[in-house]
Amino acid sequence: MPRKHRVLAGIALLGGLVLTAPAAQAQVEGGGWTSRSPGFNVQERGCGQVNNLTFTLTCSTASGDQRAERRYDTYGGGTYQFEGSFRIQSMGGTRISLKQTFQDGPSAGPFFMLAVERGGRLYAVHGGATVATGATVGATVRVNTVHQVGSQHRTYINGSQKHSYSSPSGSFYDKFGAYRTSSGQGPATVVWSGIRFWRK
């Protein structure tokens with residue numbers, strides 16, 4: 001092959017690689033992130049049903065444990081980032097928790113819970129602060145949480161930081177799906193996509 005043709009072929013190949021290479025960088029707070037792939041288990045309680053990344057509460061029961069979630073592996077010291085997008089497919093109920101950061105161990109319990117009200121207001125369950133609006137039926141919303149264990153937990157909506165919370169040290173894990181809060185009820189169907197994790 002003539003040298004000119006070899007150069008053009010090389011350029012074309014490089015261009016193809018650039019176009020097809022997966023995005024390796026974290027979407028928020030760039031620099032020094034390493035991709036990770038924690039394991040998970042599926043949690044279905046009450047009227048909760050999980051079908052891959054579709055999470056459904058089929059009932060309107062306003063009491064008891066109604067949940068459809070993925071619970072990921074526990075992590076310890078360091079800084080961890082979660083990324084995922086959700087789309088509310090239907091919402092007959094209200095006050096459904098979508099993404100949670102749980103503290104593990106003797107102090108086990110929800111450390112941060114991001115929930116949605118009918119109408120699209122996203123809020124922090126503990127304290128009730130509005131995190132964002134616009135999470136209406138059919139809209140796709142990207143969520144990133146950055147957790148510096150022992151320092152701070154930050155929440156980004158569609159790439160903009162919307163909430164921060166002081167964090168104790170200890171062990172934690174990520175959960176997402178559809179979960180009835182203590183003041184909420186279904187039915188609801190939430191579809192998640194683009195789930196990724198990093199640490200540094």
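## Phe-172 and the aromatic pairs

Phe-172 has 0% relative accessibility and therefore counts as buried (under 20% relative accessible area; exposed is over 50%, partly exposed in between, with a 1.4 Å probe and protein chains only). The model is predicted, so local features need pLDDT of at least 70 and side-chain atom pairs count only at pLDDT 80 or more, while totals for chains, interfaces and linings use all residues. Residues are numbered from 1 along each chain as its sequence is written, and side-chain values use heavy atoms, with hydrogens and water left out.

The structure contains 15 aromatic pairs (Phe, Tyr or Trp rings, the six-membered one for Trp, with centres within 6.5 Å; planes under 30 degrees apart are stacked, over 60 edge-to-face, the rest tilted). Phe-111 and Phe-172 make an edge-to-face pair, with 5.5 Å between the centres and 65° between the planes. This pair links distant parts of the chain, 61 residues apart: Phe-111 belongs to strand β8 (residues 109-116) and Phe-172 to strand β14 (residues 172-185) (strands are DSSP runs of E, at least two residues, numbered from the N terminus). Phe-111, at 10% relative accessibility, is also buried.

Phe-176 and Trp-192 form a tilted pair, 5.0 Å centre to centre and with 50° between the planes. Because Phe-176 lies in strand β14 and Trp-192 in strand β15 (residues 188-199), the pair ties together parts 16 residues apart in sequence. Both Phe-176 and Trp-192 are buried.

## Charges over rings

Arg-71 sits over the face of Tyr-173, 3.5 Å from the ring centre (NZ of Lys or CZ of Arg within 6 Å of the centre and within 35 degrees of the ring normal). Lys-175 lies over the face of Phe-102, at 4.6 Å from the ring centre.

## Nonpolar cores

The largest nonpolar core has 36 residues (buried Ala, Val, Leu, Ile, Met, Phe, Trp, Tyr and Cys joined through side-chain atoms within 4.5 Å). Those with the most contacts inside this core are Phe-55, Phe-86, Val-116, Leu-122, Ile-157 and Trp-192. Strand β6 (residues 79-91) gives the most to the core, with five residues. A second, separate core of six residues includes Val-28, Trp-33, Val-146 and Trp-198.

Ile-157 is located in strand β12 (residues 152-157) and is buried, at 6% relative accessible area. Its C-alpha is 5.0 Å from that of Val-143, which is 14 residues away in sequence. Leaving out residues up to four places away in sequence, Ile-157 touches residues including Leu-114, Leu-122, Val-131 and Val-141 (contact means heavy atoms within 4.5 Å). With that same exclusion, the contacts of Phe-55 include Phe-176, Val-190 and Trp-192.

Key. Helices (H or I, at least four residues) and strands (E, at least two) are DSSP runs, numbered from the N terminus.
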